Structures are given as C-alpha cells and as structure tokens.
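Me: I have a structure here that I have never looked at before, and I would like to go through it slowly. Could you walk me through some of its contacts?

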Amino acid sequence: MEQKKELSGNEQIEEAILQVQKEPSEEALAHALTAIRRQMKAGAHLIVAVDSIPGEHTQISLRTITTNDGKRWFVGYTGFEEQLKDSNPVMSSFTAPISQIFEAALSEGIVEGVILNPWNRTMLLNKQLIRIIFGS
C-alpha cells in the first residue's frame, strides 16, 4: 500500500515502539519519545479515526478507546497497515499533524492522552509524556 507523504518516516516511530516492547527501559522509552518528537518537528502526521455526532449540525470528534483500567485515549495510527488492524474497519479517518493531535489531547479533559497503534506496535502517551515530547 502506498504511504502518504505526511506519514513518511513514521516507520521510525514503529521501530522505536517495538524496541520498547522488546526491552522496556528508560533508554528505549527516551529513544521512542525522541523518534516521535523528530517526526512531529518534521511535520509528520498520524491517521486519526473520527466519529460523527448526529444533531442539528453534524460534528465530528476524534475516536477514543477505553482501556481495561477505564481510561479513555485518543487513537492515532502511524500508517495504513496499523489502521487496517482495527476491529472496526468501517470508520472515517484522516491525517493530521502529530502536534495538533497532541495539543487536542492536552486540552481535552476526558482523555488521558493518545494511544498509538492500539492493536500492534502500541504506545500509550499520557499527558506527561506528550509534554516531554513538546519539550515543556
């Protein structure tokens, strides 16, 4: 499947997440956060799923996933292959800059952060980790 230009380089994020999964350590986490920051600063995007909210004026909202601990997360995919692993293949989606998705998570009180690739090369980025990626 052809990769969109905005998603180019996101495989570096996937590889860094895989390293964290294989050998969890502070160094592997720091490397993953650096890979995400590098992509964000390069203007890379993630794929986000959206749900429509019916009403007088149909609105869309970023899809959330609730983890086993009851916490809600925005969902972001690094590429189409990861998105296709979703159990709900009939969904609306678009790409958005990583920074915008992270800013939305930081400003949204009902979510803990962003879950990258919830079905495979998964990483939970809580608000504290997102702030670290932003360098604040």
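Predicted model: local features only at pLDDT ≥ 70, side-chain atom pairs only at ≥ 80, totals over all residues.

Me: Ok, salt bridges first. How many turn up in the whole structure?

Reply: A search of the whole structure finds two salt bridges. In one of them R121 pairs with E15, with the closest N and O atoms 3.1 Å apart, and in the other the side chains of E82 and K85 meet at 3.3 Å, N to O.

Me: Which parts of the chain does the R121 and E15 pair link?

Reply: That pair links distant parts of the chain, since R121 sits in the loop between β6 (113-116) and β7 (123-126), while E15 belongs to helix α1 (residues 10-22), and the two residues are 106 residues apart.

Me: What about E82, buried or exposed?

Reply: E82 has a relative accessibility of 4%, and because the cut-off for buried is under 20%, E82 counts as buried.

Me: Switching to helices now. At what angle do α2 and α4 cross?

Reply: Helix α2 (residues 26-41) and helix α4 (residues 98-107) cross at roughly 115°, and their axes come within 8 Å. Angles of 65 to 115 degrees count as roughly perpendicular, and α2 and α4 are therefore described as roughly perpendicular to each other.

Me: Which residues make that contact?

Reply: On the α2 side the contact is made by I36, Q39 and M40, and on the α4 side by I98, S99 and F102. Sorted by class, the contact of α2 with α4 has four nonpolar and two polar residues, and no charged residues.

Me: How do α4 and α5 pack?

Reply: Helix α4 packs with helix α5 (residues 127-134) at an angle of about 135°, and their axes lie 10 Å apart. The two helices are therefore oblique to each other, and the crossing of α4 and α5 is left-handed.

Me: Which residues of α4 and α5 are involved there?

Reply: From α4 the contact takes in S99, F102, E103, A105 and L106, and from α5 it takes in K127, I130, R131, I133 and F134. By class, the contact of α4 with α5 has six nonpolar residues, one polar residue and three charged residues.

Conventions: Residues numbered from 1 in each chain as written. Heavy atoms only, no water. Salt bridge = Lys/Arg side-chain N within 4 Å of Asp/Glu carboxyl O. Helix = DSSP H or I, 4+ residues; strand = E, 2+ residues; numbered from the N terminus. Buried < 20%, exposed > 50% of the residue type's maximum accessible area, 1.4 Å probe, protein only. Axes fitted to C-alpha atoms, helices over the stretch in contact; angles between N-to-C directions. Parallel < 35°, antiparallel > 145°, perpendicular 65-115°, else oblique. Contact = heavy atoms within 4.5 Å. Nonpolar A, V, L, I, M, F, W, Y, C, P; charged D, E, K, R; others polar. Left-handed = near helix turned anticlockwise from the far one by under 90°.
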